[in-house]
Amino acid sequence: MEPLQLVELLKGHKTYIQTHNFPDPDAVASAFALQNFLKQHGILTDICYDGRIEKLSTRKMLTVFGIEAKSREEIENIMREEDYIIMVDSQKYNANITDFIGDEVACIDHHPTMIECAYAYKDVRRVGACATIIAEYFRQTDTPMDSVVAAALAYGIKMDTADFIRGATDLDVDMFAYVYRIADVQKLVTMYTNVMEFSDLKAYGAAIDSIQVYQNVGFAAIPFDCPDALIAIISDFILSLDVVDISIIYAVRSDGIKFSMRSALLEVDAGNVIDKALQGYGNGGGHPSMAGGFIPKENVERLAVNRDYKIQKLFLQQLNLI
């Protein structure tokens with residue numbers, strides 16, 4: 001897509017940039033950079049999201065980079081049906097996005113499309129980070145980028161590609177090099193200090209206590225509410241074990257069970273596996289190397305008394321290990 005077509009589409013409309021619920025660093029960086037890109041072309045926008053900004057490092061981004069993002073509660077009485085919404089790092093009808101009252105006219109994302117939707121402007125590509133796509137908008141149109149926006153984009157790209165070892169493409173590398181030359185490096189350095197909360201250790205401890213490994217698949221259960229971002233981090237942590245090539249971590253919440261899956265094997269598509277494993281109980285999806293899912297509370301009891309055994313069985317069947 002031609003980025004300036006997006007500018008033309010938005011002229012004369014109140015516009016919001018909506019991230020997926022519980023936004024992560026890539027979503028926040030992408031929304032912030034897109035907001036600045038559009039501002040350079042005369043379009044003013046507000047960033048919005050549902051859920052909470054849970055992870056300490058993501059909350060820290062708001063302060064370090066001076067980002068203003070509005071929660072659902074802050075916009076639900078001011079957004080109108082005729083207002084435009086640009087979906088960033090997510091797509092309409094996904095399980096991790098709330099359907100706000102505005103009109104979703106545009107989508108910029110790097111995840112596979114699970115449910116087709118027509119947009120006036122659509123840029124969905126398989127790259128490692130959504131921030132990569134936004135960075136290319138600046139380069140493609142020779143739009144000026146300041147050092148703070150560049151630093152936010154660099155951080156988003158590094159985080160979502162796990163330092164270029166997860167789903168990274170040539171474009172991710174090129175765009176990181178492009179923004180890094182401009183970036184306020186000191187702000188990047190600041191983002192790598194004091195990014196774990198003391199309460200996170202409890203979740204790590206629960207996962208370590210419960211881990212079970214079947215062949216090369218590691219399962220771990222966290223028996224209490226845990227932020228999405230932390231579950232994903234623990235999933236990466238379990239995957240770092242030398243006997244684990246696939247990690248499946250889940251946290252039991254009051255509203256259901258949240259899953260995070262990682263795959264280090266090219267032949268195992270995490271997004272497809274979790275989607276099929278949870279069919280009939282909940283939903284899931286994502287990238288070949290990283291994915292997430294959810295079983296709502298009303299379906300949890302269907303897993304029977306031996307819940308953990310049933311969950312493991314669902315995934316091991318899809319992996320053809322039983």
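A: Contact here means heavy atoms within 4.5 Å. The model is predicted. By that criterion, Tyr137 touches Pro3, Leu34, Phe37, Ile108, Tyr121, Asp123 and Arg125, leaving aside residues up to four places away in sequence.

Q: What makes Tyr137 a buried residue?
A: Buried means under 20% relative accessible area. Tyr137 has a relative accessible area of 0%, so Tyr137 is buried. Tyr137 lies in helix α5. The C-alpha atoms of Tyr137 and Lys122 are separated by 13 Å, and these two residues are 15 residues apart along the chain.

Q: Why is α2 called roughly parallel to α5?
A: Helix α2 (residues 25–40) and helix α5 (residues 130–141) pack at an angle of about 20°, and their axes are 8 Å apart. Angles under 35 degrees count as roughly parallel. The angle therefore makes α2 roughly parallel to α5. The crossing in which α2 passes α5 is left-handed.

Q: Which residues of α2 and α5 meet?
A: From α2 come Asp26, Ser30, Ala33, Leu34, Asn36 and Phe37, and they meet Cys130, Ala131, Ile134, Tyr137, Phe138 and Thr141 in α5. By class, this contact of α2 with α5 has eight nonpolar, three polar and one charged residues.

Q: Why are α11 and α13 described as oblique to each other?
A: Helix α11 (residues 270–277) and helix α13 (residues 307–318) pack at an angle of about 130°, with their axes 9 Å apart. Angles over 145 degrees count as roughly antiparallel, 65 to 115 as roughly perpendicular, and the rest, beyond those under 35, as oblique. The helices α11 and α13 are therefore oblique to each other. Their crossing is right-handed. Val273, Ile274, Lys276 and Ala277 of α11 make the contact with Leu314, Phe315 and Gln318 of α13. The residues of the contact of α11 with α13 divide into five nonpolar, one polar and one charged.

Q: How do you know that the buried residues of α7 are on the same side of the helix?
A: In helix α7 (residues 170–180), the buried residues are Leu171, Asp172, Met175, Phe176, Tyr178 and Val179. They cover an arc of only 160° around the axis, which puts them on the same side of α7. The buried residues of α7 pack against α5 and α6 (147–160).

Q: What makes Thr45 count as buried?
A: The cut-off for a buried residue is under 20% relative accessible area. At 9%, Thr45 is therefore buried. Thr45 is placed in strand β2 (residues 45–49). Residues up to four places away in sequence not being counted, Thr45 touches Thr15, Ile17, Gln35 and Leu38.

Q: Why is Phe22 called partly exposed?
A: Partly exposed lies between buried, under 20%, and exposed, over 50%. Phe22 has 25% relative accessibility and therefore counts as partly exposed. The place of Phe22 is in the loop between β1 (15–19) and α2.

Q: What makes the phi of Phe22 worth noting?
A: Most residues other than glycine have a negative phi. Phe22 is not a glycine, yet its phi is positive, about 50°. Ala162 likewise has a positive phi, near 50°, in a residue other than glycine.

Q: How is Ala162 classed by accessibility, and why?
A: With 25% relative accessibility, Ala162 counts as partly exposed, because that class lies between under 20% and over 50%. Ala162 is found in the loop between α6 and α7.

Key: Residues are numbered from 1 along each chain as its sequence is written. This is a predicted model: local features need pLDDT of at least 70, side-chain atom pairs count only at pLDDT 80 or more; totals for chains, interfaces and linings use all residues. Side-chain values use heavy atoms; hydrogens and water are left out. Axes are lines fitted to C-alpha atoms, for helices over the stretch in contact, and angles run from 0 to 180 degrees between N-to-C directions. Helices (H or I, at least four residues) and strands (E, at least two) are DSSP runs, numbered from the N terminus. A crossing is left-handed if the near helix is turned anticlockwise from the far one by less than a right angle, and right-handed if clockwise. Ala, Val, Leu, Ile, Met, Phe, Trp, Tyr, Cys and Pro count as nonpolar, Asp, Glu, Lys and Arg as charged, and the others, Gly among them, as polar. Buried means under 20% relative accessible area, exposed over 50%, partly exposed in between (1.4 Å probe, protein chains only). The arc is that of the directions from the helix axis to the C-beta atoms.
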